[in-house]
Amino acid sequence: MNLIARLPKDRTQLGALELWREGALVESYPVLGKADNATAKLHNNPARDPLKPFGDTPAGTWRVKAGILQKITPTYGPYRIFVLWPTGGP
């Protein structure tokens, strides 16, 4: 299973996260790809640089590393969290 993140430069604008299996598009989800400001700042990435840890999600191709987790956070609410491993750039 692969995920493709198609994200605009401004991560506060909607992009898409596409779920692919065996070369076929299974589903597409609207996403922001934005990191939590406080967490990014706490980890020395106040600009949320997507190429640094705790930054915005970089565009590219991803493999699901640890499945889909359900997590409730004050920032994002009760939305699905994907743990991802990068496999390619845009």
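Alanine 24 counts as partly exposed, because its relative accessibility is 39%, between the 20% and 50% cut-offs. This residue lies in strand 3, which covers residues 24-31. The model is predicted. Its protein chain has a mean pLDDT of 81.

**Alanine 24 and methionine 1**
- In sequence, alanine 24 and methionine 1 are 23 residues apart.
- In space, their C-alpha atoms are 9.9 Å apart.

**Asparagine 45**
- Asparagine 45 sits in the loop between helix 1 (37-42) and strand 4.
- Asparagine 45 counts as buried because its relative accessibility is 3%, and buried means under 20%.
- Its side chain reaches the backbone oxygen of proline 53 at 3.2 Å.
- Proline 53 is also among the residues that asparagine 45 touches, leaving aside those up to four places away in sequence.

**The largest nonpolar core**
- Seven residues make up the largest nonpolar core.
- They are Leu3, Ala5, Leu7, Leu17, Leu19, Trp62 and Val64.
- Strand 1 (2-6), strand 2 (15-21) and strand 4 (60-70) each give two or more residues to this core.
- In soluble globular proteins, nonpolar side chains tend to be buried together.

**Confidence**
- In the protein chain, 78% of residues reach a pLDDT of 70 or more.
- Helix 1 has the highest mean pLDDT among the elements, at 92.
- Strand 4 has the lowest, at 65.
- Where pLDDT is low, the predicted coordinates should not be read in detail.

Note on methods
Residues numbered from 1 in each chain as written. Predicted model: local features only at pLDDT ≥ 70, side-chain atom pairs only at ≥ 80, totals over all residues. Heavy atoms only, no water. Core = buried A, V, L, I, M, F, W, Y, C linked by side-chain atoms within 4.5 Å. Buried < 20%, exposed > 50% of the residue type's maximum accessible area, 1.4 Å probe, protein only. Helix = DSSP H or I, 4+ residues; strand = E, 2+ residues; numbered from the N terminus. Polar contact = N/O pair within 3.5 Å; in protein donor to acceptor, adjacent residues only side chain to side chain. Contact = heavy atoms within 4.5 Å. pLDDT = per-residue confidence, 0-100.
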